[in-house]
Amino acid sequence: MSSPDIVGILENTKELDRLRKDQEEVLVEINKMHKKLQASPEIVEKPGDISLAKLKNLYIQAKELSENEVTVSNILLTQLDLLLPYGPTGQQRRKLGVVAEGNDQKRKRMKVDSDVIRLSPSMRNQIEAYASLKGEQVAARVTAESADKDEWFVVKVIHFDRETKEVEVLDEEPGDDEEGSGQRTYKLPMLCILPFPKRNDPSNTQEFPPGKHVLAVYPGTTALYKATVVSTPRKRKSDEYLLEFDDDEEDGALPQRTVPFHKVVALPEGHRQ
């Protein structure tokens, strides 16, 4: 296990602790609102009262924190799965008597069975989800963990390797500053891939509220940048967000730009721009 791997696991563990503490704080506020409404239910009928709106926002926060906890937990599972050795230890192998060099098929079968047992249901589901992305466009972080900033691009999934847990992707439109003029492929770990919402299924897509930071495709490009939600598709009665991109200043102000909902994803924790 290399030092960068350990650091990444520890950082995600700290993030998981933070998310759980934030959830506890939100739940305390929700319980306070419940007691307030139970004691004085008539308060919601008073002009200007925002109790129900506040309660709704608290539930939205709780839902987002819970979803982020699942995401970080899956990332930790992936990191640990990549680092854990396959199959039993040397001592266990001796006890099992797996010493015959010519019995390749038996060893392969034992390895596969061991992998199936070792993978949790959530990890198996995640692997199946990534395997189903072949041919789909996704957001991919193509920069190394040690880079000064994260660079995310729209790429096409070519192949998912179930054994190495790597996703092979194709950058169909590399920038002018890329070396060479042809298309470029990358092999990336699962945590560097973010699937886009389904274009034909907006009703089952998470909607990010105004003020939320997201990662979105900048109009006219295949690059993703950090942006702030100004207005949601539901509010606009369309399939587009109204966003303000960071570092997109024009004449001293941030212009508001429209981006389709299926080109907007959650901002990764620790994003560097």
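F208 is buried, with a relative accessibility of 6%; buried here means under 20% relative accessible area, exposed means over 50%, and partly exposed is in between (1.4 Å probe, protein chains only). This is a predicted model, where local features need pLDDT of at least 70, side-chain atom pairs count only at pLDDT 80 or more, and totals for chains, interfaces and linings use all residues. Residues are numbered from 1 along each chain as its sequence is written, and side-chain values use heavy atoms, with hydrogens and water left out.

Now for the rings. Rings of Phe, Tyr and Trp (its six-membered ring) pair if their centres lie within 6.5 Å; planes under 30 degrees apart are stacked, over 60 edge-to-face, and the rest tilted. That rule gives four aromatic pairs. One of them joins F208 and Y241 in a tilted arrangement, 6.3 Å centre to centre with 35° between the planes. F208 lies in the loop between β5 (193-195) and β6 (213-217) and Y241 in strand β8 (residues 240-245), so the pair ties together parts 33 residues apart in sequence. Strands (E, at least two residues) are DSSP runs, numbered from the N terminus. Y241 is buried too, at 2%.

Next, look at Y218 and F245, an edge-to-face pair with 5.0 Å between centres and 65° between planes. Y218 sits in the loop between β6 and β7 (223-231) and F245 in strand β8, 27 residues apart. F245 is buried, at 1%.

Finally, a charge meets a ring: the charged end of K263 sits over the ring of F196, 4.9 Å from its centre. "Over" requires NZ of Lys or CZ of Arg within 6 Å of the ring centre and within 35 degrees of the ring normal.

How values were computed:
Helix = DSSP H or I, 4+ residues; strand = E, 2+ residues; numbered from the N terminus.
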